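Please read the following report alongside the sequence and the coordinates of the model.

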Amino acid sequence: MDWLTPTPQGLYCAPGDFYIDPVVPVPRAVITHGHSDHARPFHEHVIATPETLAIMELRMGADRAGTVRQALPYRVAITVGDVSLWLAPAGHVLGSAQVVMDYRGRRAVVSGDYKRAPDATCAPFELVPCDLFVTEATFALPVFRHPDPLHEIARLLGNVALFPERTHVIGCYALGKAQRVISLLRQGGYDAPLWLHGALLPMCALYAQFGVELGPLCPATVARKDELRGGIVLAPPSAIADRWARRLPDPVVCLASGWMQVRQRAKARGVELPLIVSDHADWDELLQTCADVGAPEIWVTHGREDALIHVLTQRGLRARALRLIGYGDEETEDAGPAEVPA
Ligand SMILES: [Zn+2]
Ligand SMILES: [Zn+2]
């Protein structure tokens with residue numbers, strides 16, 4: 001497939017003259033989702049789902065979120081240059097999309113970040129058969145098998161019941177993870193108010209605007225110290241280990257991340273109660289998805305590419321590592337610039 005090319009700026013679609021999630025400002029960008037390593041400021045023309053555009057405006061300010069912002073709802077095909085372009089849900093965070101490109105009878109799909117596990121806070125991943133599939137590989141090692149997140153939440157709620165004098169503070173990044181954890185807590189039967197670090201409030205309000213039910217949320221300010229005892233506080237990962245968290249009554253430090261499967265990571269961050277909750281596909285989901293899309297050619301990007309390429313090659317597929325630079329690991333992402341800690 002010679003019309004999609006990895007470049008230092010990002011994946012470039014020549015017949016459509018656009019980049020996907022470019023890491024530097026470009027004339028035309030298609031953005032898969034709002035995480036800061038995928039959605040960068042100062043592009044001229046931005047094409048993304050309405051949710052992703054709203055997230056970009058919230059995080060970076062409307063003046064930085066693209067001079068021309070073109071909202072493209074899921075499953076609406078448009079023509080860009082000589083390419084037919086549409087977006088399919090990726091199941092990663094609110095508004096997250098796979099980029100589907102049809103050109104001269106061939107279809108390429110760029111997954112962006114994705115997961116197949118159920119998530120009440122965003123549209124579920126949609127399988128799009130294609131000739132070339134570009135997959136993420138954040139958790140592409142056989143050791144990564146994410147448990148049922150409701151089981152993780154049940155463990156947390158068991159601990160909350162066991163230590164009613166202590167405050168459970170959960171580190172979770174502001175876009176996606178916080179809302180997913182809140183939604184899981186509600187599914188787990190927890191309907192008391194949840195206390196939020198100021199950095200998490202604006203994104204939760206945006207999710208609510210898009211119809212995602214999160215239940216009662218209150219700002220966790222110092223004035224409410226006694227009310228917080230026995231409660232659950234959500235904060236960005238950067239806040240759980242600093243003075244902000246130590247001011248809470250007898251805190252139990254928790255962190256919600258796919259990386260919590262690695263015990264050393266939890267230990268290094270001073271996490272007492274690790275919660276394995278991930279918004280990325282695990283090893284099994286990656287392999288399953290690469291099989292399901294039916295593409296003879298798979299490109300693997302940003303993550304542990306080698307193991308996945310090895311297995312895909314063994315299965316007779318043409319697999320290659322893109323080694324695109326500039327994509328990070330938002331599972332432990334800290335508050336973005338628009339989210340000033342309270
Ligand atoms: Zn992401
Ligand atoms: Zn990513």
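The report below goes through confidence, the sheet, the helices, the salt bridges and some individual residues.

**Basis and confidence**

This is a predicted model, in which local features need pLDDT of at least 70, side-chain atom pairs count only at pLDDT 80 or more, and totals for chains, interfaces and linings use all residues. Residues are numbered from 1 along each chain as its sequence is written, chains are lettered from A and ligands numbered from 1 in the order in which they are written, and side-chain values use heavy atoms, with hydrogens and water left out. The predictor's confidence in each residue is given as pLDDT, from 0 to 100. For the protein chain the mean pLDDT is 93, and 95% of its residues reach 70 or more. Over residues 332–342, however, pLDDT stays under 50, and the model has 28 contacts beyond four places in sequence for this stretch; contact means heavy atoms within 4.5 Å.

Helices (H or I, at least four residues) and strands (E, at least two) are DSSP runs numbered from the N terminus, and two strands pair if DSSP finds at least two bridges between them. On this basis, 7 strands form an open sheet with mixed pairing, in the order E7-E8-E9-E10-E11-E18-E19. Strand E7 (78–80) and strand E19 (318–321) stand at the edges with a single partner strand each, so one side of each is left without a neighbour in the sheet. From one strand to the next, the twist averages 25°. Within this sheet, strand E8 (residues 83–89) pairs with strand E9 (residues 97–103) in the antiparallel sense over 6 bridges, and Trp86 has Val100 in E9 as its bridge partner.

Axes are lines fitted to C-alpha atoms, for helices over the stretch in contact, and angles run from 0 to 180 degrees between N-to-C directions. Helix H8 (residues 283–292) lies across strand E11 (132–137) and strand E18 (297–303), and runs at about 175° to E11. Helix H9 (residues 305–314) lies across E11, E18 and E19, running at about 165° to E18.

Thr289 lies in helix H8. Thr289 is buried, with a relative accessible area of 0%, where buried means under 20% relative accessible area, exposed over 50% and partly exposed in between (1.4 Å probe, protein chains only). Leaving aside neighbours within four places in sequence, Thr289 is in contact with Tyr114, Arg116, Phe125 and Phe133. The side chains of Thr289 and Arg116 are also joined by a polar contact of 2.7 Å; a polar contact is a pair of N or O atoms within 3.5 Å, of which, within protein, one must be able to donate a hydrogen and the other to accept it, and residues adjacent in sequence count only if both atoms are side-chain atoms.

**Salt bridges**

A salt bridge is a side-chain nitrogen of Lys or Arg within 4 Å of a carboxyl oxygen of Asp or Glu, and a search of the whole structure finds 13 of them.

| Pair | N to O distance |
|---|---|
| Asp119 and Arg180 | 3.6 Å |
| Arg166 and Asp250 | 3.4 Å |
| Glu297 and Arg318 | 3.2 Å |

Asp119 and Arg180 meet through their side chains. Asp119 lies in the loop between strand E10 (106–110) and E11, and Arg180 in helix H3 (residues 177–187), so the pair ties together parts that are 61 residues apart in sequence. Both Asp119 and Arg180 are buried, and Lys115, Asp119, Arg180 and Asp279 are linked in a network of salt bridges.

In the salt bridge between Arg166 and Asp250, Arg166 is buried, with a relative accessible area of 16%, whereas Asp250 counts as partly exposed at 42% relative accessibility. Glu297, which forms a salt bridge with Arg318, is buried with a relative accessible area of 12%.

E12 and E15 run parallel and are joined by 4 bridges, with Ala235 in E15 as the bridge partner of Gly171. Strand E13 (residues 194–196) also runs parallel to E15, joined by 2 bridges, and Leu196 stands opposite Leu234 in E15.

Val46 lies in strand E5 (residues 45–48) and is buried, with a relative accessible area of 1%. Beyond neighbours within four places in sequence, the contacts of Val46 include Ala29, Ile31, Leu53 and Met56.
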